[in-house]
Amino acid sequence: MKPKIKLKICIDILMTAALLFLMPYELVGRAAHEWIGTEIFLLFILHHILNRKWTAHMFKGKYTKFRILQTILVAAIFISMIGSMVSGILLSEYVFAAIKIKGVANMARNIHMLCAYWGFILMSLHLGLHWNMFLKMLDRKIHLPAGKKKYIFRILAGVIAAYGCHAFIKRQIESYMFLKKHFVFFDYTEPLVFFMLDYIAVMGLFIIVGYYFSMFLRKKS
């Protein structure tokens, strides 16, 4: 594997981990949340620098259904990331505490919530579009007959998707995505690991949705 590919994979892993640790806002602490948010934004910039060839070819070549979906997702993630960072700076109490603009806190808080939750779902779907590469790597590591591996992967996908649906409802993520609630409520007695497992399951659910939908579009193309 080329060093550049390894670097891309490392950055994607770090971004995914950072994204997960951004969600338990109050449970990890506000200062940590701001530093993690700054880190993921810097990784996001680096990710785009390393994938600049893809961006340079955006307006070239034929647009298949899969490519249309991929481009829409990238554009939506870019908007959510910019929205998260700008609103986060306006709300900052630690990293960007020197930047203060009066009268924008409520609006910034709503934008931050929208961008954070939509960004989480969109980035999970985006991971799903490229999940085939991860499955190929995993396939080489597991020494079992092809039929058994496919059977095991499908059972795991079904279990993760089922629990992901449960966690999505339990954590009321839909209500935050559509601003039905303007504040996220945390149970401070709950161990962080349980919260993280639920969000990993939700991420897994949308990775699976993105993966199977992308496979469907590739076949159609």
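Visitor: Before we get going, how is the angle between two helix axes defined here?
Guide: Quick primer, since this is a predicted model. The axes are lines fitted to C-alpha atoms, for helices over the stretch in contact. The angle is taken between N-to-C directions and runs from 0 to 180 degrees.

Visitor: Okay, so are helix 1 and helix 6 roughly parallel or roughly antiparallel?
Guide: Their axes sit 11 Å apart, and the helices pack at an angle of about 150°. Angles over 145 degrees count as roughly antiparallel. So helix 1 is, relative to helix 6, roughly antiparallel.

Visitor: And is that crossing left-handed or right-handed? Which residues of helix 6 make the contact?
Guide: The crossing of helix 1 and helix 6 is left-handed. On the helix 1 side, the contact is made by Met 15, Thr 16, Leu 19 and Leu 20. By class, the contact has six nonpolar, one polar and no charged residues. From helix 6 come Phe 120, Met 123 and Leu 127.

Visitor: Let's do pockets. Which helix gives the largest share of the lining of the second largest pocket?
Guide: That pocket has a volume of about 990 Å³. Of its 40 lining residues, the closest to the centre are Tyr 25, His 33, Gly 88, Leu 91 and His 112. Helices 1, 2, 3, 5 and 6 each supply at least two lining residues. The largest share, ten residues, comes from helix 6.

Visitor: How many residues of that lining are charged?
Guide: The lining of the second largest pocket divides by class into 24 nonpolar and ten polar residues, and the charged ones number six.

Key. Residues are numbered from 1 along each chain as its sequence is written. This is a predicted model: local features need pLDDT of at least 70, side-chain atom pairs count only at pLDDT 80 or more; totals for chains, interfaces and linings use all residues. Side-chain values use heavy atoms; hydrogens and water are left out. On a 1 Å grid over the protein atoms alone, a cavity is a set of points where a 1.4 Å probe fits but cannot get out, and a pocket is an open set with protein on both sides within 12 Å along at least five of seven lines; lining residues have an atom within 4 Å of a point. Grid points are joined across faces, edges and corners, and a volume is the space filled by probe spheres set on the points. Helices (H or I, at least four residues) and strands (E, at least two) are DSSP runs, numbered from the N terminus. Ala, Val, Leu, Ile, Met, Phe, Trp, Tyr, Cys and Pro count as nonpolar, Asp, Glu, Lys and Arg as charged, and the others, Gly among them, as polar. Angles under 35 degrees count as roughly parallel, over 145 as roughly antiparallel, 65 to 115 as roughly perpendicular and the rest as oblique. A crossing is left-handed if the near helix is turned anticlockwise from the far one by less than a right angle, and right-handed if clockwise. Contact means heavy atoms within 4.5 Å.
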